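This report walks through a few local features of a protein model, taking them one at a time. Please keep the sequence and the 3D view open while reading.

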Amino acid sequence: MNGTYKAVSAEEISKQNEYMSKLRIANDRYFLSAGYRRKVFSLTLGCQQNEADSERLMGMALKMGYERTENPEDASLIIVNTCAIREHAEKRALSLVGQYKHIKAKNPDLLIVVCGCMVVQEHRANEIKMRYPYVDIILGPSLMHRLPEHIWQRSGGGKRIFDSATDEYTVAEGLPVSRESSYRAWVSVMYGCNNFCSYCIVPYVRGRERSRRREDVVKEVRELIEKGYKDITLLGQNVNSYGKDSGFDYDFADLLAELDTIEGDYTLHFMTSHPKDATKKLVDVMAQSRHVAKHFHLPMQSGSDRVLKAMNRRYDFEKYIGILDYIREKIQGVTITSDIIVGFPGESEEDFEGTLNALRRARFDMIYSFQYSPRKGTPAAEMAEQIPQAVKSERFDRLLSLQNEISLESNKPFEGKTVRVLCDGPSKNNPDVYSGRTEGGKIVFFDGEEGDIGQFLNINIDRADTFALYGSIVR
């Protein structure tokens, strides 16, 4: 493959497998002498890509002979996979890592690994080195395949390991995976980002775009379907750029079309799409598919052309709404969701009103909205006219109030209809009620039973609220 793609060599993966085997032997011996296994606790913060990364980290840990635990107090290995998308996420990660200090004091043999996007930033890496001396290993997101080697070195008495900064971003295939679910799965199709939106840290911490080989993606998805997985989400910072770095005449729409030919009872989702690269070809493939969900997540970020330009988004609202209109024309019953940033530097009241008007025109089913958070090292963090927090909060409340009205209006037509739902089991807030999601991601509550978990169910909707649908199973 050409471009920026570079795979981790087979020799490197083989070396890491050797370290996993050595650690497995050591942990097996510990089990025979102590009567119980060393345990691993994993905590994931941030996006779905982080969740997919954590499933590989856990896969390696289990192959090394650790046993999973939900209690960090019981762990011999703690892995914290961090996020850098907003300041709040970083502060939360550091706070949680700070809480592990007393666990380390009780158990000096405990290994603490902090990895992910946050540690690629030099100021955060230095902060962990200096203020968190009990952290043993920091590991950048493109270097996570080295976890076995670093655990072997550190557990053998080696120095603390700081392996986060790199100029070479790669794709590692062939690593073990321990999936959180037996019916929902994440599959990364590419890593990194080339867009450099002025507010976003991702290109600086995850590197340039690099697509996985189509045969590797197809093989992974096929194996998941054969194992009975019902919902598979294809991941990338901008899936619409898939294949551009490969030198092949094969894009994301082609990948979706090929995956759709695999037989089985399953649904394919994908995220995230960048509007500048969303093509009619992709929409046409979705419209003609058997398995691709009728759900399009298309981040708008702002309804003001002036703000979009300052964000370096490389489209205007007219182009954006044209894409939405084409999606709705071709895909009947489609659910459309979006991301909105409130309080971007220099955003005037007129700009914000433009975003509210855009919501009225776009009529998203749901939005994921955020107050702008400066990211050190990004152009937007240095811009003049940073918006006061009080103004951001007030605009955020107005945005949510409008969107809640629109969401309720979009949910009301479901009353009296039957929808297909993938059951997730008892609700977190009320274990007496079961929950699941439609292919468009709408939450549905209903009376279920244990055997329904992980199954597609037909639910007749009795009532629709702003954030959820309520109904009964059609048995």
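## A proline in a loop

In this predicted model, Pro379 belongs to the loop that runs between strand 14 (366-371) and helix 14 (389-411).

Once the neighbours within four places in sequence are set aside, Pro379 is in contact with Ser198 and Tyr204. Ile453 lies 74 residues from Pro379 along the chain, and the C-alpha atoms of Pro379 and Ile453 are separated by 46 Å.

## Helix 1 against helix 2

Two packed helices are described by the angle between their axes together with the distance between those axes. For helix 1 and helix 2, the axes come within 8 Å and cross at roughly 50°, and these two helices are therefore oblique to each other.

Where the two elements meet, Asn17, Met20 and Arg24 are the residues of helix 1, while Met60, Leu62 and Lys63 are those of helix 2. Sorted by class, this contact of helix 1 with helix 2 has three nonpolar residues, one polar residue and two charged residues.

Rolling a probe the size of a water molecule over the atoms shows where empty space is left. In this structure there are two cavities of 30 Å³ or more, and the largest cavity holds about 210 Å³ of space.

A total of 15 residues line the largest cavity, and those lying nearest its centre are Asp53, Pro141, Met144, Ala172 and Tyr191. Helix 2 (residues 48-63) provides the largest share of this lining, with three residues. By class, the lining of the largest cavity is made up of eight nonpolar, three polar and four charged residues.

## The second largest pocket

The second largest pocket has a volume of about 470 Å³. Its lining consists of 24 residues, of which Arg38, Ser76, Asn107, Asp109 and Leu110 are the closest to the centre of the pocket.

At least two residues of the lining of this second largest pocket are supplied by helix 1 (10-34), and at least two by helix 6 (147-155). When the lining residues of the second largest pocket are sorted by class, eleven are nonpolar, four are polar and nine are charged.

Methods: Residues are numbered from 1 along each chain as its sequence is written. This is a predicted model: local features need pLDDT of at least 70, side-chain atom pairs count only at pLDDT 80 or more; totals for chains, interfaces and linings use all residues. Side-chain values use heavy atoms; hydrogens and water are left out. On a 1 Å grid over the protein atoms alone, a cavity is a set of points where a 1.4 Å probe fits but cannot get out, and a pocket is an open set with protein on both sides within 12 Å along at least five of seven lines; lining residues have an atom within 4 Å of a point. Grid points are joined across faces, edges and corners, and a volume is the space filled by probe spheres set on the points. Helices (H or I, at least four residues) and strands (E, at least two) are DSSP runs, numbered from the N terminus. Ala, Val, Leu, Ile, Met, Phe, Trp, Tyr, Cys and Pro count as nonpolar, Asp, Glu, Lys and Arg as charged, and the others, Gly among them, as polar. Contact means heavy atoms within 4.5 Å. Axes are lines fitted to C-alpha atoms, for helices over the stretch in contact, and angles run from 0 to 180 degrees between N-to-C directions. Angles under 35 degrees count as roughly parallel, over 145 as roughly antiparallel, 65 to 115 as roughly perpendicular and the rest as oblique.
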